[in-house]
Amino acid sequence: MDGAAITINVMTLAVCHTMGVAVDLPTAIILSILATLAACGASGVAGGSLLLIPMACSLFGIGNDIAMQAVAVGFIIGVIQDSVETALNSSSDVMFTATAEFHDRLKRGESFEIK
């Protein structure tokens with residue numbers, strides 16, 4: 001889910017920059033929350049993160065015609081984008097699994113060393 005959320009954020013902010021739309025910090029935070037929630041439903045759907053870009057662009061008043069051009073760019077760079085998104089998802093899964101394991105060890109009173 002992390003990879004999809006970042007893909008939605010980066011592609012939407014790239015469209016905003018290209019269109020000359022100023023993005024302030026509170027709106028960027030709202031975009032991040034919106035993208036994270038949307039990414040929860042995009043897991044396992046081929047191109048799901050790209051298809052959520054128009055939803056995120058609507059937050060900035062960018063029309064669907066321009067947003068779909070960003071989706072087209074996403075499909076063009078799809079092999080690289082999907083590989084990076086999958087790598088990010090896998091690495092965050094490892095981090096959360098390790099965190100749960102360390103928490104479980106602490107609850108049992110075991111000591112461990114992080115190398």
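Predicted model: local features only at pLDDT ≥ 70, side-chain atom pairs only at ≥ 80, totals over all residues.
1. Helix H1 covers residues 2-19 and helix H2 covers residues 25-42. Two packed helices are described by the angle between their axes and by the distance between those axes. For H1 and H2, the angle is about 135 degrees and the axes lie 8 Å apart. The two helices are therefore oblique to each other.

2. The residues where H1 meets H2. From H1, the residues in this contact are Ala-4, Ala-5, Ile-8, Asn-9, Thr-12 and Leu-13. From H2, they are Leu-31, Ser-32, Ala-35, Thr-36 and Ala-39. Sorted by class, the contact of H1 with H2 has seven nonpolar, four polar and no charged residues.

3. Is Asn-9 buried or exposed? Its relative accessibility is 13%, under the 20% limit, so Asn-9 counts as buried. Asn-9 lies in helix H1. When neighbours within four places in sequence are left aside, Asn-9 is in contact with Leu-31, Ser-32 and Ala-35.

4. The packing of H1 with H6. Helix H6 covers residues 78-108. The axes of H1 and H6 are 7 Å apart, and the packing angle is about 135 degrees. That angle makes H1 oblique to H6. In this contact, Asp-2, Gly-3, Ala-4, Ile-6 and Thr-7 of H1 meet Gln-81, Glu-85, Leu-88, Asn-89, Ser-92 and Phe-96 of H6. By class, the contact of H1 with H6 has four nonpolar, five polar and two charged residues.

5. Gln-81 in H6. Gln-81 has its place in helix H6. With a relative accessible area of 13%, Gln-81 is buried. Which residues does Gln-81 contact, once its neighbours within four places in sequence are left aside? They are Thr-7, Ser-49, Leu-50 and Gly-74.

6. The largest nonpolar core. In soluble globular proteins, nonpolar side chains tend to be buried together. Here the largest nonpolar core has 18 residues. Those with the most contacts inside this core are Ile-8, Val-15, Leu-52, Ile-53, Cys-57, Phe-60 and Ile-62. The elements that give two or more residues to this core are H1, H2, helix H4 (53-58) and helix H5 (64-76).

7. Cys-57 and its contacts. Not counting residues up to four places away in sequence, Cys-57 touches Thr-12, Val-15, Ile-62 and Ala-67. Among them, Val-15 and Ile-62 are also listed with the most contacts inside the largest nonpolar core.

8. Leu-51 is found in helix H3, residues 48-51. At 47% relative accessibility, Leu-51 counts as partly exposed. Leu-51 touches Val-71 and Phe-75, not counting residues up to four places away in sequence. Leu-51 and Ala-38 are 13 residues apart along the chain, and their C-alpha atoms are separated by 10 Å.

9. Glu-110 after H6. Where does Glu-110 lie? Glu-110 is in the segment after helix H6. At 36% relative accessibility, Glu-110 counts as partly exposed. Glu-110 and Ile-6 are 104 residues apart along the chain, and a distance of 36 Å separates their C-alpha atoms.

Technical notes: Residues numbered from 1 in each chain as written. Heavy atoms only, no water. Axes fitted to C-alpha atoms, helices over the stretch in contact; angles between N-to-C directions. Helix = DSSP H or I, 4+ residues; strand = E, 2+ residues; numbered from the N terminus. Parallel < 35°, antiparallel > 145°, perpendicular 65-115°, else oblique. Contact = heavy atoms within 4.5 Å. Nonpolar A, V, L, I, M, F, W, Y, C, P; charged D, E, K, R; others polar. Buried < 20%, exposed > 50% of the residue type's maximum accessible area, 1.4 Å probe, protein only. Core = buried A, V, L, I, M, F, W, Y, C linked by side-chain atoms within 4.5 Å.
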